[in-house]
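Work through the exercises below with the sequence and the model at hand. Each task is followed by a solution in steps.

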Amino acid sequence: MSVVYPLLVALLVTGLAAYMRWRLPVYFIALLGALALTWVLGGHVATTLTLLVIGALAAVVLLVAPLRKSIISAPALRIFAKILPPLSETERVALEAGTVGFEGELFSGRPNWDMLFAQPKPELTADEQAFLDGPVEDVCRMTNDWEITHIRADLSPEIWDYIKRNKFFGMIVPKEYGGLGFTALANHKVIQKLASVSSVLSSTVGVPNSLGPAELLMHYGTKEQKDYYLPRLADGREVPCFGLTGPWAGSDATSIPDYGVVTRGEWNGEQVLGVKLTFDKRYITLAPVSTLIGLAFRMYDPDGLLGQTKDIGITLALVPRDTAGVEIGRRHFPLNSPFQNGPIHGREVFVPLSQLIGGPEFAGKGWQMLVECLSIGRSITLPSTASGGAKLAAVVTGSYARIRKQFGLSIGRFEGVEEALGRIAGHAYTISALAEASAAAVTRGELPAVPSTISKYHCTEMARQVGQDAMDIHGGKGIILGPRNYLGRAWQAAPIAITVEGANIMTRTLMIFGQGAILCHPWVLKEMKATQITDPRERLDTFDAALFGHIGMAISNAVRSFWMALTGSRFGAAPGDAYTRRYFRRLNRYSAALALVADSSMSLLGGKLKFKENLSGRLGDVLSHLYIASAVLKRFHDEGTPEADKPLLAWSFHNSCFEIEKAMSNALRNFPVRWAGYLLWILVFPLGRRAQYPSDRLSHKAASLLMTPNESRDRMGRGVHTTPHANNPAGRIISYLEAVVLAEPVERKFVKALKNSDIEALDFAAQLDEGVREGWITAEERDQLRALREMTIDTIAVDDFDTEELRSAGYARFAALNSQAAANDSNPMLSSPATDTDIGRNIA
């Protein structure tokens, strides 16, 4: 028998063991048994004997624990401890603050899908649904976004009063403190619906229920702080804001220069121990109207009044607005979106230690507190806002594309428009599933550090694409601002969501994979923690277990990635029904590929990996779309696998597969270690990239769902404000679709008859009357076409204004200052002309 056969047997057994992830004893028994059988059957004696000896020696070394530890694990531990990049305190806290849910399975290369399906279907309580159907619906009806954004530059007094009285600011505050005690899922649903009518309204409600005093007090506040502040925050007596970002520290929040010095001072007429705060914050939402400021600062104790530590670290405090020295600056104006936002300043502002959130014992723990609460807030407000805007844009753009006609044809029937509509449908479906998944994770009690960054980044980026496509389809209807415009302000404000709560560029290149590679990996964090164990025996035992678990997983993932790529992911165990099982198999392949490339990157680059932001960003994209596809599949199954939604599921899934392969391809083509990049390419893409962007046929199906009354479109519009009324032009257009579709056959019949006639009437009403007299249409059909014309006019109409209506309220003052400046220029004895800053101040 040829020398090749024993080698082939050894390779096949090893590959099967790696794919199936057999334990080492099982592998060696199978390997040695197979080689022995090969020898008995006449295999090449020298080769078979050599392989048997090598296998037996390897078994002894790897299965005899003391021998394995002394020969392999101990030297590896010394090397690992030496090359391990030092974790900064900031990184350590960030890693320890979050929890790991199903996303951890995506780094395993063999996800346990049962864990995903075991998650309960997200559902609201009766009280939460009643709040959505009652107060939320009512405030949506009250909201006129044009009045808010152009006339008032603020919510109306009636809306401010309504949201305070109905405890919109206290949705997350427990009932025992006078709040509504809602889950994160309910918070998501409320913000989603509010965002569909006004992003100013949704951000105003979202911030107090996100990162801020209420959230921090609920987790860390003293009993006295909770008893006093939570009831006041719940009913709107206190309007909160949180001061974190400043001119010198944006994404790098741990570098804040704002400081507080421990000293004695006067508070409520008494001399107490406290801190003198000096701070300069900007971009603070609700600051201009806030009464209670949550403040992040670095705390120092130079005189040792609290102990030996001089630099105590980042600390959080509650500062009432009326505290001496606090200065609330004038308003920022972020891209014509006039939600209350502005700077906060303070110099030597004294507050007692009792105003530190959590009291003195939480001094210096502010970064940990912030990281834990940021993962919650990042999971809700911005993804929910993106979801509300995208879902509304999808259903209203579908209606508009059906109603609006060019060349006698609905514009949605043109392939270029249809392609954009397909993107809108697919992205809106994806955003909705992703935003709900992250909210559901928080509701389950998780602190989803990695999913929150994925959700924030991808929801806001996809929403920006939805906005662009919707604006392109609407054309002039989208760009002419006024009471009839329901897209323009949202499009203007899209970059705001991209920028806040962690700029998206930083989120993608530093946070998603940077956190995920360590926090979600089954073994890396265990290996890192093992090096910190002081007891030598325990340290070696712990590291040995993690090391060989890691090695076994890495070998398995190399085999699984290669095999599943070769076979097109057509085989292997997977959950789901006959339709979705193939999708889960593809995700199994991509999970193995991600784990393989992530392990290779960390082992070959070590601490340098954190500076390879392009590589980190691309691997983050792979992780993100694995999580997104999982969330979409979970949502599809939670809703009972509706047949009508299959085009949306397919569009979303194929788009994620395309993005995964594109990102992985770019990562490997630009891999810093070139030989490793070539080898990994063979294992990941032995047949090249195969995933394709959603086809034209699929885009046609997805677009058609938006332009036709059907259950899938109804589900898309569920959870956003589509009620037709004077303040909701989008709702009116959405409501027209069914009547428009019913009238189309009559319209086609009438237009055809009119073209073939010699009727000279130019007025549409007169033409209809002639049509009735000629017998082309009935009187009822005439009324139907009249109604169609009225609906079409309302759909395509835009606003116009007198010049004075568009001028700023400060225009007269501006003109007066300019006149004064011109007079001063002509007379050198007068004072210098007004500067641009002076003019700006006076206009404001």
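**Exercise 1.** Determine whether the crossing of helix 16 and helix 18 is left-handed or right-handed, and find which residues make the contact.

Solution. The model is a predicted one.
Step 1. Locate the two elements: helix 16 covers residues 449–474 and helix 18 covers residues 488–499.
Step 2. Their crossing is left-handed.
Step 3. On the side of helix 16, the contact is made by K456, T460, E461, R464, G467, Q468 and M471. Helix 18 contributes G488, W491, A494, A497 and I498.
Step 4. The packing angle is about 155 degrees, and the axes are 10 Å apart.
Step 5. Angles over 145 degrees count as roughly antiparallel, and helix 16 and helix 18 are therefore roughly antiparallel to each other.

**Exercise 2.** Work out how helix 3 and helix 4 are oriented to each other.

Solution. 
Step 1. Helix 3 (residues 45–63) and helix 4 (residues 65–83) pack with their axes 5 Å apart, at an angle of about 90 degrees.
Step 2. The range from 65 to 115 degrees counts as roughly perpendicular, so helix 3 is roughly perpendicular to helix 4.
Step 3. Helix 3 brings V60, V61, L62 and L63 to the meeting, and helix 4 brings A65, L67, R68, I71 and I72.

**Exercise 3.** Find where helix 19 bends and which of its residues are buried.

Solution. 
Step 1. Helix 19 spans residues 504–519 and bends by about 30 degrees at M511.

**Exercise 4.** Trace the pairing of strand 2 and strand 3, and state how many bridges join them.

Solution. 
Step 1. Strand 2 (residues 259–267) and strand 3 (residues 270–285) run antiparallel and are joined by nine bridges.
Step 2. Two residues lie between the strands of this hairpin, and N268 takes a positive phi near 55 degrees.
Step 3. W267 stands opposite E270 in strand 3, and G260 stands opposite L277.

Note on methods: Residues are numbered from 1 along each chain as its sequence is written. This is a predicted model: local features need pLDDT of at least 70, side-chain atom pairs count only at pLDDT 80 or more; totals for chains, interfaces and linings use all residues. Side-chain values use heavy atoms; hydrogens and water are left out. Two strands pair if DSSP finds at least two bridges between them. Helices (H or I, at least four residues) and strands (E, at least two) are DSSP runs, numbered from the N terminus. The bend at a residue is the angle between axes fitted to the seven residues ending there and the seven starting there. Buried means under 20% relative accessible area, exposed over 50%, partly exposed in between (1.4 Å probe, protein chains only). Axes are lines fitted to C-alpha atoms, for helices over the stretch in contact, and angles run from 0 to 180 degrees between N-to-C directions. Angles under 35 degrees count as roughly parallel, over 145 as roughly antiparallel, 65 to 115 as roughly perpendicular and the rest as oblique. A crossing is left-handed if the near helix is turned anticlockwise from the far one by less than a right angle, and right-handed if clockwise. Contact means heavy atoms within 4.5 Å.
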